[in-house]
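Reader: I have a structure to look at and have not seen it before. Can you walk me through it?

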Amino acid sequence: MSQPLLGITGLSKRYPNGTQALDSVGLRVGAGELVALLGPNGSGKSTLLRCVVRLVEPDSGSVRVADTELIGLRGGSLRRARTGVALIFQQARLVRRRSALDNVAAGALAHHPGPRTALGWLPPGERARAAVLLARVGASEIAGQRADTLSGGQAQRTAIARALAQRPAVLLADEPVANLDPEAAAATMALLRELAHTERLAVLCVLHQPALALAYADRVVLLNRGRVVLDRACSDTDPAALAGAG
Amino acid sequence: MSRAAQGRTTQGPANPSARPTRRSLPRRLGRWLVVFVGLLVLGQALVVAEVDPRALVEGLGGGARLVADGLPPDPAALPSAGLAVLQTVDIALVATVVATLLAIPFGAAAARPRTGGQLLSAPIRAVAAFLRAIPDLVWALVFVAAVGLGPFAGVLALTVHSLGMLVRLFAESIEEMDGGPAEALLAAGATRAQVFSHAVVPELLPTLGSLALYRLEQNVRSSLVLGFVGAGGIGFQLLSAMEEFQYRQASMLLLVLFALVTVFELGSARVRAALR
């Protein structure tokens, strides 16, 4: 693998109730690579993604995005570093009363700190770029539609476009297809793979379906009880090894 | 114990016609004690409040005479009531707008989970509780003493009281809202102010609008009585008419008030429905 865009080393997290969610996790994702993260419920997959963007504070370890170490950053430095890592959630988490276009443009807010954006203004340049990004994810027809009128697949595409508006190097997706029908799920996975390969993004995608992982990912990582128990190229992975991983 | 017997034990009484277990004596005594204490509290309230049905029956005649003296309402009171009505509405309008604008940032800071720090939340909530604990009529007395007789004292009184109410309501709305969109923007590197204006405010706008309109309705009603203590509005005219035994003028003013409040309630209900 070339120099990884996302490098996680020795990441550990124990919750106050005593649950060891992550136990010295190490993981690397290179540019142009889609890595599927599998594991049973409670294995630490979501915690891992949330620790990477520091929505959950890890106890120890290192998270490097390109050349930037995220652990230990505070305030403005953390906000700037966060723009390099986009997180797509299971639910699209769009602002319901705003259009798809405005939701996408809001993904770029971190690049425009200042009083005007703090008062609800969106830079026209970012709105124009949002239109391009919606077209990029195949959803230009919904640009003016309010987010609460979108279908699950349309909402998830909008969320992916919002993530791209951040101009990230790394894309994290936390069960992005869990609430989608099989057709929309396949289309979303195809889009994530295409983004990884053509935009040279490092994509780490939590999945519950081993079949989807093997069909779309370049590599599969299996997490169990907070530890990496398998990290292998999909081409070398026996589907039987992933049985029960979801 | 046999398996059959165990089955009966776990699945409830074998004989459905069996009488339910009687409540224990201490529990029954406790219930009677609660009823007794309740009646005692109610009894003392009737005595202390000097509730006297005989006085009501004897006084009905006087009340009826007053109503009769006030009929028919005197339209001559209408021209002078016009400016007073406008002043009443304007006092409520200015107070509601100012209180709403102030309550948005203070409500955000008072909300506990997502926006604002924990440090600010407690003191802001305490101040807001104090502001709303003092009735607006008392605030009006304070501000009449401070800025003199007139509508401005009414504006200040309603602003302060409304601020106390709206800060609490806004803070609770923020705490109860779906935090997903806000967290998504936070994870994308947005500042707290950006998260608030781009995710929290749009999501809460219908709720905030409804609360502000409801407050406007209440403020219109409140500003009617502020005139009784010299804080402007139609209340002053109503008080003057009553004191001068101009009951037909007073009844005309009451009709105007009724129409005003009704129009406001209908209008605000429509706007609130449109905001959803």
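Predicted model: local features only at pLDDT ≥ 70, side-chain atom pairs only at ≥ 80, totals over all residues.

Reader: Fine. Which strands form the open sheet in chain A, and in what order?

Author: Four strands of chain A form the open sheet, in the order β2-β1-β4-β5. Their pairing is antiparallel.

Reader: And which strands stand at the edges?

Author: β2 (20-30) and β5 (68-69) of chain A do. Each has a single partner strand, so one side of each has no neighbour in the sheet.

Reader: What holds strands together in a sheet, in general?

Author: Strands of a sheet pair through backbone hydrogen bonds, and the pairing can be parallel or antiparallel.

Reader: Back to this one. How many bridges join β1 to β4 in chain A?

Author: Five bridges join them, with β1 covering residues 4-14 of chain A and β4 covering residues 60-65 of chain A. One bridge pairs Ser12(A) with Ser60(A), which lies in β4(A).

Reader: Now helices. At what angle do α5 and α6 of chain A pack?

Author: At about 130°, with the axes 9 Å apart. Helix α5 of chain A is residues 124-136, and helix α6 of chain A is residues 152-165. Because of that angle, α5(A) counts as oblique to α6(A). The crossing of α5(A) and α6(A) is right-handed.

Reader: Which residues make that contact?

Author: On α5(A), they are Glu126(A), Arg129(A), Ala130(A), Leu133(A), Leu134(A) and Arg136(A). On α6(A), they are Ala161(A), Leu164(A) and Ala165(A). By class, the contact between α5(A) and α6(A) has six nonpolar and three charged residues, with no polar ones.

Reader: Different topic. How many residues does each chain put into the contact between A and B?

Author: Chain B gives 19 residues and chain A gives 26 residues.

Reader: Which helices matter on the chain B side, going by residues supplied?

Author: α8 (180-187) and α9 (192-226) of chain B each supply at least two residues to the side that touches chain A. The largest share of that side, nine residues, comes from α9(B).

Reader: And the classes there?

Author: The side of chain B that touches chain A has 11 nonpolar, six polar and two charged residues.

Reader: Last one. What is chain B made of, in secondary structure?

Author: Chain B has 11 helices and zero strands. Of its 276 residues, 36% count as buried. Among contacts in chain B with a separation of 6 or more, 73% are between residues 24 or more positions apart.

Technical notes
Residues numbered from 1 in each chain as written. Chains lettered and ligands numbered in written order. Pairing = 2+ DSSP bridges. Axes fitted to C-alpha atoms, helices over the stretch in contact; angles between N-to-C directions. Parallel < 35°, antiparallel > 145°, perpendicular 65-115°, else oblique. Left-handed = near helix turned anticlockwise from the far one by under 90°. Contact = placed C-beta atoms within 7 Å. Nonpolar A, V, L, I, M, F, W, Y, C, P; charged D, E, K, R; others polar. Buried ≥ 20, exposed ≤ 12 C-beta atoms within 10 Å, placed from the backbone.
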